[in-house]
Amino acid sequence: MDKKKYYMTTAIAYTSGKPHIGNTYEIVLADSIARYRRFQGYDVFFQTGTDEHGQKIELKAAEAGITPQEFVDNVAGQIKEIWDLMDTSYDKFIRTTDEDHEAQVQKIFKYMYDKGDIYKGYYEGMYCTPCESFFTESQLVDGKCPDCGREVQPAKEEAYFFRMSKYADQLIEHINSHPEFIQPVSRKNEMMNNFLLPGLQDLCVSRTSFKWGIPVDFDPKHVVYVWLDALTNYITGIGYECSADSSEMFQKNWPADLHLIGKDIIRFHTIYWPIFLMSLDLPLPKQIFGHPWLLQGDGKMSKSKGNVLYADELVDFFGVDAVRYFVLHEMPFENDGVITWELMVERLNSELANTLGNLLNRTVSMSNKYFGGIVTDTKEVEKVDEDLKETILNTLPKVTEKMEQLRVADAITEIFNLFKRCNKYIDETMPWALAKDPAKKNRLSTVLYNLVESISYGASLLEPFMPSTSGKILEQLNAEKRTIEEMDDFGLYKSGTKVTDSPQILFARLDIKEVLEKAEERKAAETAKEKKSDPVIDIEPKENISFDAFSKLQLQIGEVLSCEAVPKADKLLCSQVRIGNQVRQIVSGIRSAYTPDEMAGKKVLVLVNLEPRKIRGLVSEGMLLCAEDAEGNLSLMTPERSMPAGAEVC
């Protein structure tokens, strides 16, 4: 009998930099689902990969002084290394720079164009470079990108557009008739109320302002917009052929059973992607799950905040399976989860070292101490044994129910409830007391058999979540991993089997103070390393000037007394700057980098003897000196040490 197929994907990781633990959570979550489906007997195909085109990549590559292809090759390698480090069992790792993917994207674009779903026009709006997205003024939140909260810039360019409204009603009907399509329900309500029901605007699907993308083959000055390129990986990766016969793999696996994505890209996957599929006359995926974020402390991880944690760093401290356990167990179904060093140490010590590790160690040690490691079922049963068996056998249906709902954290809790019940069973039966009475030898043997049987059962259930730990437990008990068909019975552990005579500690307890000290040392070392390897930028040299010409510049330290945004000017701030006993008004195009509140009280470098000029009706009496990187980020030049307002820069 053929197995039932199960095709699942993660979002493909953007190759702008090394993924942090919040990004890594998704691949571990997906892996646990894929492994559990295999355990249930499904023929699973699990795809992940990298999203490698776009303006942000082009800029970062230029900043690094390498080609975009070299840049993405390096980052994609880092991502794959971390996915492998976390013991994830993906079947395919797709890259959007793969030749077969790029060829299909060009065919898909041409097919949609010939069908009339794509047309040429001009786009004028506010553009967010990190998100590679255009927005109207009404879509902005406090003037910033509604997705990432960063600054946006006005942009206008020739572009191709997709007629989203053509398929909007069809998509609304599908969502209403398929309540399982978007999960959790809160994500569905957000998409319907905020985007679909108010009416969809046509979507920009090409760009001309950069080159790092898949060219539109019939209009090569355009490159395919990143979302049309990236989203189609879910079909190109399994052999989709546009306007031709697709591969057997595609015909077998499509539609996808599950797209697992972060909640920040839910709109692209539940609106744009289904509409693209409708244009291609393909069935829609069965379910799209937008998982919450894993936050560091009380905020989203970002390099600018300095609160980023990486999987390889955490693995060095805790081990792979401890990190897998933490990110899976601590993430609620709908709400954001929190990761901190303190919480990880607490969970490792209480749940992993104590509840699980100590349980295994005690059981193996008692089996060796009292019976030379031979585990025998003497079937001297008491009522407490039946209660234990009932708990054990009820665990599988509970775990399966939670996994069907994608409530992975709750599924792990059910498994650890099994281990906690085993610890309670030890307290109830008191093997050390039974061992003192020779007449209770058979009863003691049954108790230890029940423990080994229960732990073996639990270890088999644990494999999708903590595969290495599951294997280590079964190895110490000299037991085999059970199939799902074998999980309906209690007592399959072969009586007379010998457990290991050298029990190993699964998880060593850690001291939180020592962990925090080591973490701070590592952070300081990384900061020092980054300072040594700061990127450099070469600019076009200007003509040499004489010292006399330079000496004509009057540069002084100024103190910003107050600052206001210039009305109807997105880039301008107007500052009142004290220089000695004077106060100068200076208008600067630095609003993308600083708020008026941030400016007040700052010491800045000022070019004082610049001829005054009017900017937006305001007189500007000098210039604030700034540095600008390759991405257009600004940084005011400020004195390293405290200097009085008016001090000369020489």
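**Close-up views: salt bridges and a surface patch**

A search of the whole structure turns up 36 salt bridges; a salt bridge here is a side-chain nitrogen of Lys or Arg within 4 Å of a carboxyl oxygen of Asp or Glu. Side chains of opposite charge can pair when their charged atoms come close. This is a predicted model, in which local features need pLDDT of at least 70 and side-chain atom pairs count only at pLDDT 80 or more, while totals for chains, interfaces and linings use all residues. Residues are numbered from 1 along each chain as its sequence is written, and side-chain values use heavy atoms, with hydrogens and water left out.

**View 1. Asp-87 forms a salt bridge with Arg-35.** The closest N and O atoms are 3.6 Å apart. Asp-87 sits in the loop between helix H3 (68–85) and strand S4 (92–95) and Arg-35 in helix H1 (residues 21–39), so the pair ties together parts 52 residues apart in sequence. Helices (H or I, at least four residues) and strands (E, at least two) are DSSP runs, numbered from the N terminus. Asp-87 is partly exposed at 30% relative accessibility, whereas Arg-35 is buried at 12%. Buried means under 20% relative accessible area, exposed over 50%, and partly exposed in between (1.4 Å probe, protein chains only).

**View 2. Lys-263 and Asp-336 meet in a salt bridge.** From N to O, the distance is 2.9 Å. Lys-263 lies in the loop between strand S12 (258–262) and helix H10 (266–279), and Asp-336 in the loop between helix H12 (320–329) and strand S15 (337–339), 73 residues apart. Lys-263 is partly exposed, at 23% relative accessibility, and Asp-336 is partly exposed at 28%.

**View 3. Arg-443 forms a salt bridge with Asp-385.** Their closest N and O atoms are 2.6 Å apart. With Arg-443 in helix H17 (residues 441–462) and Asp-385 in helix H14 (residues 383–404), the pair ties together parts that are 58 residues apart in sequence. Arg-443 is buried at 3% relative accessibility, and Asp-385 is buried at 0%.

**View 4. Ile-545, Phe-547, Phe-550 and Leu-553 make a nonpolar surface patch.** The patch covers about 440 Å². Patches are made of residues with over 30% relative accessible area and no salt bridge, with like charges joined within 9 Å and nonpolar side chains (Val, Leu, Ile, Met, Phe, Trp, Tyr) within 5 Å. Look for Leu-553 in the loop between helix H20 (547–551) and strand S18 (555–565). Leu-553 is partly exposed, with a relative accessible area of 40%.

Terms used
Accessible areas come from the Shrake-Rupley method with a 1.4 Å probe; for residues, only the protein chains shown count as cover.
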